[in-house]
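Hello,

Here is the structure I said I would pass on. My notes follow it.

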Amino acid sequence: ISYGDYAYFVPTTSGIFTFTLYVSNDKFVNDFETVKNITVTLNSGTKKPFQAILYIALNRIQIFAYHGLYPEEKILGNQFSVDCKVGIPNETVTEIEDTVDYAILMDIIKKHFATPAPLLETVAQNIEEDTKERFPQILYFLLSIKKKSVMLNAPLDSSEIILEKSY
């Protein structure tokens, strides 16, 4: 990157920035290696270095559990679909200790689905806290929990809670 180059940074709902970088010779660059050391000036005037993140995800985990406020949910249970995504610094990963072991991440999720809770929000917060405690290197956490059978007077596929956090 040389003098005269400029970049557009677009904030996402998670607060993570996507980027489009245009260089002076009109070549288009859109890769993390080229821009990993750029400093982004936020609207508040604070500077935050751009950091590439490596994501680890578990998608569409199907779990049966007894979460819910209503007596029927505690007796009949419900089918849940869970998505979990964590981000770690994009550094060299050669050993399992350098990353998030998704078998352990799965165990954390299963643990919290094994204990009934009235609110999915509480389940999500507990999963996030345990995940951050077990993997302190994570920079980003996203958890989606969908409840398949929802007792409402309208047809719908599912209800969903989402917990997203940047550290």
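Below is what turned up, starting with the overall layout and moving on to salt bridges and surface patches.

Please keep in mind that this is a predicted model.

Overall layout

The protein chain has 4 helices and 9 strands. Read from the N terminus, the order of the elements is β-β-β-α-β-β-β-α-β-α-α-β-β. The chain has 167 residues, and 33% of them count as buried. The accessible surface of the chain is about 10,800 Å², with 53% of that belonging to carbon and sulfur atoms. As for contacts in the chain between residues at least 6 apart in sequence, 53% join residues at least 24 apart.

Salt bridges

Searching the whole structure gives 3 salt bridges.

One of them joins the side chains of E73 and K147, at 2.5 Å from N to O. Since E73 belongs to helix 2 (residues 71–76) and K147 to strand 8, the pair ties together parts that are 74 residues apart in sequence. E73 is buried, with a relative accessible area of 5%. K147 also counts as buried, at 11% relative accessibility.

K111 and D130 form another salt bridge, where the closest N and O atoms are 2.8 Å apart. This pair links distant parts of the chain, with K111 in helix 3 and D130 in helix 4 (residues 120–134), 19 residues apart. K111 is partly exposed, its relative accessible area being 48%, and D130 counts as partly exposed at 22% relative accessibility.

E128 is buried, with a relative accessible area of 6%, whereas K165 is partly exposed at 35%.

Surface patches

A patch of negative charge on the surface is formed by E91, E95, E97 and D98. D98 sits in the loop between strand 7 (78–89) and helix 3 (102–114). Its relative accessible area is 33%, which makes D98 partly exposed. That value is over the 30% relative accessible area required of patch residues.

There is also a nonpolar surface patch of about 410 Å², made by L69, Y70, L119 and M151. M151 is found in the loop between strand 8 (140–147) and strand 9 (159–166). With a relative accessible area of 48%, M151 is partly exposed.

Regards

Notes. Residues numbered from 1 in each chain as written. Predicted model: local features only at pLDDT ≥ 70, side-chain atom pairs only at ≥ 80, totals over all residues. Heavy atoms only, no water. Patch = residues over 30% accessible without salt bridge, like charges linked within 9 Å, V, L, I, M, F, W, Y side chains within 5 Å. Areas by Shrake-Rupley, 256 points an atom, 1.4 Å probe, with all protein chains shown as cover. Salt bridge = Lys/Arg side-chain N within 4 Å of Asp/Glu carboxyl O. Lys, Arg positive; Asp, Glu negative; His and termini not counted. Charge placed at Lys NZ, Arg CZ, Asp CG, Glu CD. Helix = DSSP H or I, 4+ residues; strand = E, 2+ residues; numbered from the N terminus. Buried < 20%, exposed > 50% of the residue type's maximum accessible area, 1.4 Å probe, protein only. Contact = heavy atoms within 4.5 Å.
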